[in-house]
Amino acid sequence: MAESTDTHRLGRRLRIERVSELWLRVAGYFAIALFVLIVFTLVHRSLPLLSEYSVVQMLTSTDWNPEQNSFGFLPAIVGTVYVAVLSMLMGTPIAILTAIYIAEYAEGRTKTLVSSFIDVLAAIPSVIFGLVALVVVVPLVGDYLAPLFGSSATGLGILTVSLVMAIVVTPFMISLSVESLEALPDELRETSLGVGATKWETIRSVLLRAAGPGIFSAVLLGFGRVFGATIVPAMLIGGQTQMPDSLFATGQTLPSLIVSDFGELMSIPITQSALIFVGLMLVVVVWLFNFGAMLLQRRLRRRWQY
Amino acid sequence: MTRDYSRRDALGLLGTGATLGLAGCFGDSDSAVRISGGVGPLPMVEVWADLYEDDHDVSFDISGGGTGVGVSDVLNEQVDIAMMGRQPDESEIEQGLFAVPMLIDTVVGTVNENNPVLDEIQEHGLSREQLEAIFTREITNWGELYDTDVDEEITVYGRSDASAAYMQWGDFLGGEDHAHTENEMEEWADGNHDGDQRVAQAIGDDESAISLNNINYVYDLESGELEGDIRPVPIDLDGDGTLSEEEDFYDTREEFLAAVEDGIYPAPPAREMFLSSDGAFEDEAHEFVEWVLTEGQQYVSDNGYVPLEEDRLDEAQTNLAEGP
């Protein structure tokens with residue numbers, strides 16, 4: 001009698017075990033299925049465009065005029081690259097320096113205060129940054145910065161978007177970099193200081209190297225975020241699908257192209273297909289980036305092992 | 001007091017409720033008329049729906065998203081009616097779209113209330129040719145337009161989002177048989193803003209700027225007077241360099257709408273807006289559209305739009321009755 005209850009109980013436990021394992025597996029595969037589904041939908045819906053126009057021709061043409069069935073993606077691609085590169089040039093040094101300050105120099109209440117403010121900043125929705133920028137950064141660039149360089153721009157454009165995006169992604173990069181700096185064991189610092197290195201030398205040649213892979217991936221993730229940023233460019237870039245000829249010029253990024261044309265053109269099959277193809281390009285590029293970042297990070301980690 | 005239910009029971013109940021609620025979403029979607037589409041006609045359709053609901057046993061589920069979204073929704077049978085800020089495209093009709101006009105909406109050129117040549121603009125107006133030259137950047141200085149000492153560069157703003165109003169403006173500027181496409185217009189502009197509201201704001205902030213706006217952004221909603229910081233640009237219709245008695249109707253919204261209704265103000269930029277469905281309108285949707293084309297028309301003027309003319313209304317009603 002007692003024995004049978006025991007087997008019964010064991011059987012029950014095993015069943016629960018199996019069921020929960022199944023659940024976890026389903027949850028895991030669900031993520032993969034979702035990704036495959038998204039990519040499949042994008043590819044499937046881009047086919048009408050791809051079957052009619054040559055990819056190379058579309059990627060190198062500067063003429064975007066969906067009403068007349070010409071789809072040149074180059075202006076939007078160039079705009080996206082400009083914005084991403086410029087924001088990273090402005091944002092990365094600030095992010096790394098701030099991260100070093102918070103992780104290595106700031107102490108006590110200052111540290112808590114600064115780092116919690118940075119977290120709050122990271123949590124502000126980007127549409128808020130866009131709104132504030134419309135009121136502050138656009139006139140600043142249009143009335144002061146552009147005339148300084150002899151340009152009569154209105155303030156909407158590539159530079160404005162890059163400035164704002166640099167501000168939007170910096171907190172995010174700081175948080176990640178601080179984490180990887182703080183994860184370093186104290187022995188590293190003590191050893192370095194112990195052999196007579198100054199604090200700055202320790203940071204520069206020991207800590208930054210050791211935390212390198214982490215900081216590097218923070219920067220790359222930030223790059224990915226700028227690349228896919230939608231609302232800030234849509235609000236501030238000026239929405240002109242043409243090749244930008246200066247930093248103050250208006251332009252278009254791939255995500256803002258989708259946002260601004262989506263509303264009126266979804267119902268015309270070939271234009272819809274074109275916009276979905278833009279989406280496909282974005283997904284592929286961002287995925288390549290993440291994949292590349294992963295590989296590079298692995299390489300770096302192996303080289304900079306401590 | 002003993003608790004005769006467990007936390008698990010409560011959760012179970014919640015789950016059941018949620019499932020039922022979700023099922024409700026999928027199940028009885030027929031009780032409400034679902035509408036989506038263009039942002040231009042949205043305010044009017046909302047007013048109509050409210051009024052209609054009071055007298056009829058129907059509820060409405062209305063959302064914006066843009067004309068193309070509405071059309072794509074209606075063709076995918078996610079909504080019953082699509083609001084359209086423009087005429088249906090050839091390729092949309094091929095897919096089975098059926099549209100009837102519902103009202104006329106208007107855009108007008110706009111400048112800042114402190115524009116350097118505002119007095120001249122209001123006295124002489126601008127002809128279509130002058131407006132075209134400004135928007136295509138042949139004329140780049142306010143001083144070039146009138147005999148004044150003003151030396152102030154013109155800033156042109158446009159729309160960055162796909163906008164039927166902007167399209168119509170391009171049609172108007174191009175003259176008889178040559179329309180400027182929205183993309184051409186975007187390229188000529190100094191900067192484009194996402195939405196009517198932002199364009200209005202940009203014009204309000206910039207004394208040397210010109211753009212276009214829906215008249216609901218130009219005249220005060222309540223009083224119908226010119227109260228904000230933007231002013232309409234009167235069109236010198238016959239191009240004689242002065243604004244005659246007949247061409248001068250920009251002081252109040254009422255006056256302006258009357259001019260649109262009488263066909264004095266040109267179309268485009270005045271344009272018809274449409275309600276459309278996948279094939280013929282069905283059941284409640286059909287009755288609602290029928291009501292819009294009859295009783296509904298009387299509410300149009302109060303909301304800053306222009307009702308359809310008699311002939312056009314008759315035509316629309318016949319079309320509606322006959323179906324595609």
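The model is predicted, so local features need pLDDT of at least 70 and side-chain atom pairs count only at pLDDT 80 or more, while totals for chains, interfaces and linings use all residues. Residues are numbered from 1 along each chain as its sequence is written, chains are lettered from A in the order in which they are written, and side-chain values use heavy atoms, with hydrogens and water left out.

At the interface, 33 residues of chain B are in contact with 26 residues of chain A, contact meaning heavy atoms within 4.5 Å. The two chains bury about 2300 Å² between them, 47% of it on carbon and sulfur atoms; buried area is the accessible area (1.4 Å probe) that two parts lose on being put together, summed over both. B:Ala162, B:Asn183 and B:Glu187 supply 22% of the area that chain B buries against chain A, more than any other three residues.

Across this interface the rule finds zero salt bridges (side-chain nitrogen of Lys or Arg within 4 Å of a carboxyl oxygen of Asp or Glu). The elements that give two or more residues to the side of chain B that touches chain A include helix 7 (164-174) and helix 8 (182-188) of chain B. Helices are DSSP runs (H or I, at least four residues), as are strands (E, at least two), numbered from the N terminus. By class, that side of chain B has eight nonpolar, 15 polar and ten charged residues. Ala, Val, Leu, Ile, Met, Phe, Trp, Tyr, Cys and Pro count as nonpolar, Asp, Glu, Lys and Arg as charged, and the others, Gly among them, as polar.

Within chain A, helix 9 (residues 199-210) packs on helix 10 (residues 212-228) at an angle of about 65°, with axes 4 Å apart. Axes are lines fitted to C-alpha atoms, for helices over the stretch in contact, and angles run from 0 to 180 degrees between N-to-C directions. That makes helix 9 of chain A roughly perpendicular to helix 10 of chain A (angles of 65 to 115 degrees; under 35 is roughly parallel, over 145 roughly antiparallel, the rest oblique).

In chain B, the axes of helix 2 (residues 42-55) and helix 11 (residues 283-293) come within 11 Å and cross at roughly 110°. Their contact has seven nonpolar, no polar and one charged residues.

The structure holds 15 salt bridges over all chains. In one of them, A:Glu21 pairs with A:Arg25, the closest N and O atoms being 2.9 Å apart. Both residues lie in helix 1 (residues 2-52) of chain A, four residues apart.
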